[in-house]
Amino acid sequence: MITFILNNKTIKTPENSGMTLLDFVRYQQRLTGTKIGCREGDCGACTVLVGTLSTKGILEYQSITSCISPLGNAHGKHIVTVEGTNLNDKLTTAQEAMKSNYATQCGFCTPGFVVALTGFALSNSENNYSTALDAISGNICRCTGYKSIEKAAHQVVEKLENKNTNSINWLIENEFIPQYFETIPQRLKAIEIKDLNQPKGKYISGGTDLYVQQADNLTDNSVHLIAEKDYLKGITIENDICTIGTNTTVSDLWNHSELNNYFPNLKKHLKLVSSEQIRNMASLGGNFVNASPIGDMTIFFLALNSDITITDKDEKERTVALKNFYQGYKTYDLKDGELLKNISFKLPNKSTFFNFEKVCKRTHLDIASVNSAIHISIENEMISEAHIAVGGVAAIPKYLHETSKFLTGKSLTTKTILEANDILQNEIAPISDVRGTSDYKRLLARQLFFAHFTEVFPKQFTLKDFIQHA
C-alpha cells in the first residue's frame with residue numbers, strides 16, 4: 001500500500017507503483033491545478049513539491065515534474081500540489097507576486113510557476129535573484145515573454161530577505177504557505193510507513209529517462225523502485241577518493257559543499273545539465289544505464305576516469321572502469337539482476353584541472369548536440385595525465401583513449417593541442433541527425449576541445465591561437 005500525505009490529506013492507495021504521480025493527483029484525486037503539458041519533464045506545468053523527512057527529522061522540500069515521476073516514489077513523503085499551497089480567502093506571497101507583476105496570461109503554466117516559487121521559499125538555498133530564477137528554470141511560458149515572471153521572482157526574493165532559521169513558522173506567518181504545513185513532520189513520523197512490496201519488474205530510480213520513453217508500459221506493468229535504497233545513496237570522501245552512490249541526484253552534487261571546493265565551477269557545469277526539477281529527480285545511475293551517447297553526467301564522469309561498482313541480488317560486487325562499460329549503442333556490461341552501486345574517482349589536486357562544455361540548440365536545459373569534458377594534470381608545464389570524453393560523436397559515450405594517451409607526457413603548447421585534435425578527429429565517428437550534420441559535430445568536437453584549454457588556461461591560450469593554425 002502506497003502511503004503518503006497529499007497536501008493536507010493522508011493517502012493510502014493500492015494503485016500500481018508505476019503509475020505517474022501526475023495522473024494520480026489529477027484523475028484519482030481530482031486536483032486539476034497540476035497541468036498536463038509535455039509529459040516529458042520539459043515544460044514544468046506539472047510541478048509539485050516533495051517533502052522528505054531527513055535523518056534529523058527536518059522536512060526538506062524539492063520541486064519535481066510529476067509527469068515523469070512514479071507514484072511509488074511518493075511513499076512516505078509529503079506531496080504538495082498548487083491546491084496545497086492555497087490560503088483561505090487570500091493569495092499566497094508567490095501568487096500575489098505573479099498577480100501584481102502581471103505575470104500570467106492564459107494561465108496554463110501559472111500553477112507550475114507558483115509551486116516552483118513556493119518550493120524556492122521552502123528550500124534552504126541562497127536567497128538571491130539568481131537562485132530564484134534557477135528554481136523556475138524548468139517552467140516554460142509561451143505568453144508573457146518572461147520579464148514579468150522574473151519581476152515576480154524578484155518580489156518573492158525581497159519578501160524572503162527577513163526569513164529566519166525557523167523557516168516553516170516564518171513562512172506561515174508571512175503567507176507563503178498555509179498553517180497545516182507545521183503539522184506535517186509529526187504526521188509523517190506517526191504514519192506507519194512499511195517498505196513497499198516490490199515485485200519483479202523494471203528497475204526505476206528517478207524515472208526521468210524511462211518515463212519519457214516508456215510511461216504507458218511502466219504504468220501498466222510491475223516496476224521495482226530503488227530510489228530509496230540506502231545502500232545506493234550517499235557521497236563519501238576518503239583518502240582523496242570520492243565515492244558516490246548511484247541513487248545520488250544531480251542536486252545532491254550541486255549542494256555538496258566539499259565537492260564544490262574540489263570543483264569550483266561545479267554549479268556552472270551542472271547548470272548546463274537540466275532544470276532544477278530534473279536535477280532534483282535524476283539519479284546518476286539512471287543516466288549511466290540510459291547509455292545515451294550524449295548523456296551529460298556520463299561524459300562528466302568518463303573524464304574523471306571513474307570506476308563503477310556493480311552488485312547483484314546476492315550482494316556480490318565487481319568493479320569496472322566506466323570507460324570500458326559501454327559495448328555498443330545502448331548496450332553495456334550489466335547482467336540480469338545487477339545494479340550499479342556506486343561510482344568512484346580520484347579527486348583533483350592543485351595540479352589537476354577539470355572542465356565541462358556543452359553545445360545545444362538552447363543555452364541551458366537541452367539535449368546536447370555535442371558535449372565534452374576533460375581532466376588534465378600539469379607538472380612542470382608537462383601534461384602528466386589526461387582524460388578526455390566527448391558525447392554525440394559515436395554510438396556510445398566516447399572516452400578518447402588515443403587522444404588521452406597522446407597528450408600524456410607532452411608539453412602544454414598550442415602545437416601539442418592541435419596535434420591532439422587531429423587524433424581526436426580520427427577517434428570520433430559522428431553521424432548526421434536532427435541535432436546536426438556529421439561535419440557540424442566534428443567542428444563542435446574540435447571547438448569544445450579547444451575551449452577546455454582556453455577555459456582552464458586563459459592566460460596561456462586563446463581560441464584565436466588555435467583557429468588560425470587549425
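In strand β2 (residues 9–13), T13 is the bridge partner of I2. Strands here are DSSP runs of E with at least two residues, and helices are runs of H or I with at least four, both numbered from the N terminus. The structure is a predicted model, in which local features need pLDDT of at least 70 and side-chain atom pairs count only at pLDDT 80 or more, while totals for chains, interfaces and linings use all residues. Residues are numbered from 1 along each chain as its sequence is written, and side-chain values use heavy atoms, with hydrogens and water left out.

Strand β1 (residues 2–6) and β2 run antiparallel and are joined by five bridges; two strands pair if DSSP finds at least two bridges between them. An open sheet of five strands has the order β2-β1-β5-β3-β4, with mixed pairing. Because β2 and β4 stand at the edges with a single partner strand each, one side of each has no neighbour in the sheet. From one strand to the next, the twist averages 30°. Helix α3 packs on this sheet and touches β3 (47–53), β4 and β5 (78–80), and its direction makes about 25° with that of β3. Contact means heavy atoms within 4.5 Å; axes are lines fitted to C-alpha atoms, for helices over the stretch in contact, and angles run from 0 to 180 degrees between N-to-C directions.

The largest nonpolar core has 39 residues, of which Y61, M98, L160 and L171 touch the most other members. Such a core is a set of buried Ala, Val, Leu, Ile, Met, Phe, Trp, Tyr and Cys residues joined through side-chain atoms within 4.5 Å, where buried means under 20% relative accessible area with a 1.4 Å probe, protein chains only. Elements giving two or more residues to this core include β4 (59–65), α2 (93–100) and α3 (110–122). The most comes from α3, with eight residues. Another core, of 37 residues, lies apart from it and has F263, L272, L302 and F325 among its members.

L302 is also one of the buried residues of α14. In this helix (residues 296–303), eight of eight residues are buried. Just after α14, N305 takes a positive phi of about 55°.

The axes of helices α16 (residues 414–427) and α17 (residues 438–456) come within 10 Å and cross at roughly 145°. The residues in contact include I417, L418 and L424 of α16 and F449, F450 and F453 of α17.

Conventions: Buried means under 20% relative accessible area, exposed over 50%, partly exposed in between (1.4 Å probe, protein chains only).
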